[in-house]
Number of protein chains: 2
Amino acid sequence: MIRALTQLIEAFKKLPSVGQKQAERYALFVIKNSEDSIENFASAIVNAKKNIKTCSICCSLCEENPCEICSDEKRDKKTICVVENYTDLQVIEKTGKYKGLYHVLLGVISPLDGVYQDNLSIKSLLKRLDGVKEVLIATNPTVEGDATAMYISDVLKKYDITVTRLAKGIPSGGSIEYADEVTLVNALDGRKKI
Amino acid sequence: MIRALTQLIEAFKKLPSVGQKQAERYALFVIKNSEDSIENFASAIVNAKKNIKTCSICCSLCEENPCEICSDEKRDKKTICVVENYTDLQVIEKTGKYKGLYHVLLGVISPLDGVYQDNLSIKSLLKRLDGVKEVLIATNPTVEGDATAMYISDVLKKYDITVTRLAKGIPSGGSIEYADEVTLVNALDGRKKI
């Protein structure tokens, strides 16, 4: 095998859930591409790493610290939505429904993966609770997400803050027939008057 | 969305079969990584593009032209194995069973994708037939691979060369119960005395 090619395949294999075959396909694609577009690809990688910082307030990603949302005067500063990562923040932001601030945990409590409460940005969340009325915990409805939500709501008990969680239930467009038991129980528990 | 991040996501989306979600995961992985390892990643991409050439004889990839296999005096120069791409060449080479030369077609005939016989390296194959006794066509057993094999064997008819094709049949470890009809017909047609 050619050395430069092996090195490139090894580099691609470091990406999440990319195996040997997938890395080979990426590498051969890179080699087939024009030199210009490859230079662009490489510089996009280096630029992203150089220019993207972590917001010192909400731990989200930003080009200018603090991030756009934290420095936006129009946002509702009484509500903080706690999310696992930047991608989840983006998805909630896209709905246009939420006007408050965010706090990115940078993960969830998962002892099996060696992630404990101190590895998350919970301490910096506690530092910004002045004037906050509601903390909406938007972790994923997984075992780890649930545990993290429980932990945070426990920690917040001593503050005079309403702690809420995203509703669990049957997704829009989903079918009751194929819903799993836990989802159905959640949907029954969370039933609403219409 | 942050501009440098969007650019990186767009760059990753150009890789084969990478969509928005996958590109976002790759991009966030890159940002989380240390600056050093990211520089290495970027330089691996640029280096691969710079250092890897196409062999002027067999159209395979190489660092030195002609490639290792074409310039290896020990290889059997009477046999040429025709493969679709460099990856297939690697897989056959790994078996250690084949000692002849290769010829990389750089694709298969596929009019629906705009690939015709002239887009493949068939002309350069015809130029290197001096002293060749056997051409082993190792295209994939797909419609396009079969059509390409037929076309090449047609072209080679006027030469005094044995044209062979990789055997089709039930894969090792496979089960007859789950084999599709075409595979079974091929296995019956190709049955061998034991």
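Q: What rotation superposes chain A on chain B?
A: Let's start with how the two chains of this predicted model are related. Chain A lands on chain B with an RMSD of 0.0 Å, and the shift along the axis is 0.0 Å. The two copies are thus related as by a two-fold rotation axis. The rotation itself is 180°.

Q: Which residue of chain A comes closest to the rotation axis?
A: The distance here is taken at the C-alpha atom, and it comes to 2.3 Å. The residue in question is Ala42(A).

Q: Which helix gives the largest share of the side of chain A that touches chain B?
A: The contact draws 38 residues from chain A and 38 residues from chain B. Several elements of chain A each supply at least two residues to this side, among them helix H1 (3-13), helix H2 (20-32) and helix H4 (86-95). By class, this side of chain A holds 25 nonpolar, six polar and seven charged residues. The largest share, 13 residues, comes from H3(A).

Q: How are H3(A) and H2(B) placed to each other, and why?
A: The axes of helix H3 (residues 35-51) of chain A and helix H2 (residues 20-32) of chain B come within 9 Å and cross at roughly 55°. Angles from 65 to 115 degrees would count as roughly perpendicular and those under 35 as roughly parallel, so these two helices are oblique.

Q: Which residues of H2(B) make the contact with H3(A)?
A: H3(A) passes H2(B) in a right-handed crossing. On its side, H3(A) brings Ile45(A), Ala48(A) and Lys49(A). The residues of this contact divide into five nonpolar, no polar and one charged. From H2(B) come Ala27(B), Val30(B) and Ile31(B).

Key. Residues numbered from 1 in each chain as written. Chains lettered and ligands numbered in written order. Predicted model: local features only at pLDDT ≥ 70, side-chain atom pairs only at ≥ 80, totals over all residues. Axes fitted to C-alpha atoms, helices over the stretch in contact; angles between N-to-C directions. Helix = DSSP H or I, 4+ residues; strand = E, 2+ residues; numbered from the N terminus. Parallel < 35°, antiparallel > 145°, perpendicular 65-115°, else oblique. Left-handed = near helix turned anticlockwise from the far one by under 90°. Contact = placed C-beta atoms within 7 Å. Nonpolar A, V, L, I, M, F, W, Y, C, P; charged D, E, K, R; others polar. Least-squares fit on C-alpha atoms with pLDDT ≥ 70 in both.
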